[in-house]
Every structure is written in structure tokens, then in C-alpha cells.
Amino acid sequence: YFTRAVIYLCDHNSNGSFGFVLNKYVDTSLSESIEGFPTIDFKVSLGGPVDTSNLYYMHSFGDALENAYPIANDLYIGGNFEDMKSMVTKIPGKANQVRFFIGYSGWEDGQLDAEIEENSWVVLNNVPTSVIMNTEQDALWKDLMKELGG
């Protein structure tokens with residue numbers, strides 16, 4: 001499942017860690033799956049194996065969405081879903097500021113640290129928001145590995 005997966009880690013603390021796989025996509029239409037969703041062609045990522053019955057979204061709308069949770073790099077998770085739908089429908093260009101994920105990737109406290117220690121993961125810090133939000137970069141894993149010299 002995680003072979004050559006690029007995961008954006010949203011939170012890592014004493015309770016555990018969670019993030020979203022950025023480079024694995026599902027063939028689904030949000031407008032066909034969610035009643036009243038705008039007919040905008042969003043590319044949906046398979047965020048991970050946890051809670052795959054739920055849709056998550058990451059965005060750069062800031063606190064313009066009530067109840068959005070700040071993560072880093074001017075990125076947020078969630079917020080008022082109806083307001084988000086309205087923003088991407090009514091304001092041209094806003095659709096590029098949101099990414100959708102089915103499920104997420106999660107680790108219990110200490111689990112991810114142990115996996116990193118055993119070299120199961122390669123860590124790359126300070127990835128630009130433009131790269132994280134780009135759903136058109138088909139060779140993301142390869143491109144990021146080149147940045148590390150691989």
C-alpha cells in the first residue's frame with residue numbers, strides 16, 4: 001500500500017501521527033458521489049487505509065472556513081463543508097486551493113518514530129505548499145527523491 005507513497009504528515013505528537021498520501025489517486029467524481037457537490041473535476045487522492053468511508057480535505061483558505069484546523073505551511077484541514085463548496089463554485093481559482101482525500105494514514109504513539117528509525121521512511125522537510133497541493137505532478141515520489149540526491 002505504501003510502496004513509493006508520498007505522505008504529507010499533518011500532525012505528529014505524543015498521541016500518534018496522521019497524514020495523507022499525496023500520490024495515489026482514485027477514479028471517482030465528487031459531484032457524482034456527493035449530492036449537491038459542484039461539477040468541478042477534482043482529482044481525489046487515496047489518503048490512506050484508515051477511515052476510507054470518509055472524505056477529508058486540505059486547503060489553503062485559512063480561517064475563511066469556520067472550524068478549519070491549521071496544520072502547517074499555511075495549510076488547513078476541514079472546516080465548514082458547505083462554505084468550502086460555495087467558495088470553489090463561486091470564486092474562480094479557489095478550486096486549486098483544496099485537495100480531497102478518501103481515508104488517511106495513521107500511526108499510534110511511537111509507531112512512526114520506530115518505522116523511521118528502521119529506515120522504512122525517508123523524511124523530507126519543508127516541502128512547498130505548491131508541491132503539496134499539486135495533483136498534476138505524476139512523478140511526485142521520483143521528483144522528491146531527486147531532491148534528496150536519489
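A: Asn23 counts as buried because its relative accessibility is 18%, and the cut-off for burial is under 20%. This is a predicted model, and every value here is computed from it. Asn23 sits in the loop between β2 and β3, the latter spanning residues 25–26.

The side chain of Asn23 makes two polar contacts with backbone atoms. One is to the backbone oxygen of Arg4, at 2.8 Å. The other is to the backbone nitrogen of Val6, also at 2.8 Å. With neighbours within four places in sequence left aside, Asn23 is in contact with Arg4, Ala5, Val6, Leu140 and Trp141.

Arg4 belongs to the segment before β1, a strand that covers residues 7–13. Arg4 is itself exposed, because its relative accessible area is 54% and the cut-off for exposure is over 50%. Its phi is near 55°, a positive value in a residue that is not glycine. A positive phi at a non-glycine residue also occurs at Asn119, where the angle is near 65°. Asn119 lies in the loop between α3 (111–117) and α4 (129–133), and it counts as exposed at 64% relative accessibility.

β1 runs antiparallel to β2 (residues 16–21), and six bridges join the two strands. They form a hairpin with two residues between them. One of the bridges pairs Asn13 with Gly16 of β2.

β1 gives the largest share of the lining, five residues. At least two lining residues come from each of β1, β6 (69–72), α3 and α5 (140–147). Leu140, a contact of Asn23, falls within the residue range of α5.

Ser105 is in strand β8 and counts as buried at 0% relative accessibility. A polar atom of the Ser105 side chain lies 3.0 Å from the backbone oxygen of Gly47. Apart from neighbours within four places in sequence, Ser105 is in contact with Phe2, Ile7, Ser17, Phe18, Gly19, Val21, Gly47, Gly48 and Pro49.

β8, which spans residues 98–108, is in turn packed against by the buried residues of α2, as is β5 (50–59). Those buried residues of α2, a helix of residues 81–90, are Met84, Lys85, Met87 and Val88. They fall within an arc of 160° when seen down the axis of α2, so they line one face of the helix. The exposed residues Thr89 and Lys90 are on the face of α2 turned away from the buried side. At the N-terminal end, α2 is capped by Asn80, with a side-chain oxygen 3.1 Å from the backbone nitrogen of Glu82.

Key: Residues numbered from 1 in each chain as written. Predicted model: local features only at pLDDT ≥ 70, side-chain atom pairs only at ≥ 80, totals over all residues. Heavy atoms only, no water. Helix = DSSP H or I, 4+ residues; strand = E, 2+ residues; numbered from the N terminus. Buried < 20%, exposed > 50% of the residue type's maximum accessible area, 1.4 Å probe, protein only. Pairing = 2+ DSSP bridges. Arc of directions from axis to C-beta. Contact = heavy atoms within 4.5 Å. Polar contact = N/O pair within 3.5 Å; in protein donor to acceptor, adjacent residues only side chain to side chain.
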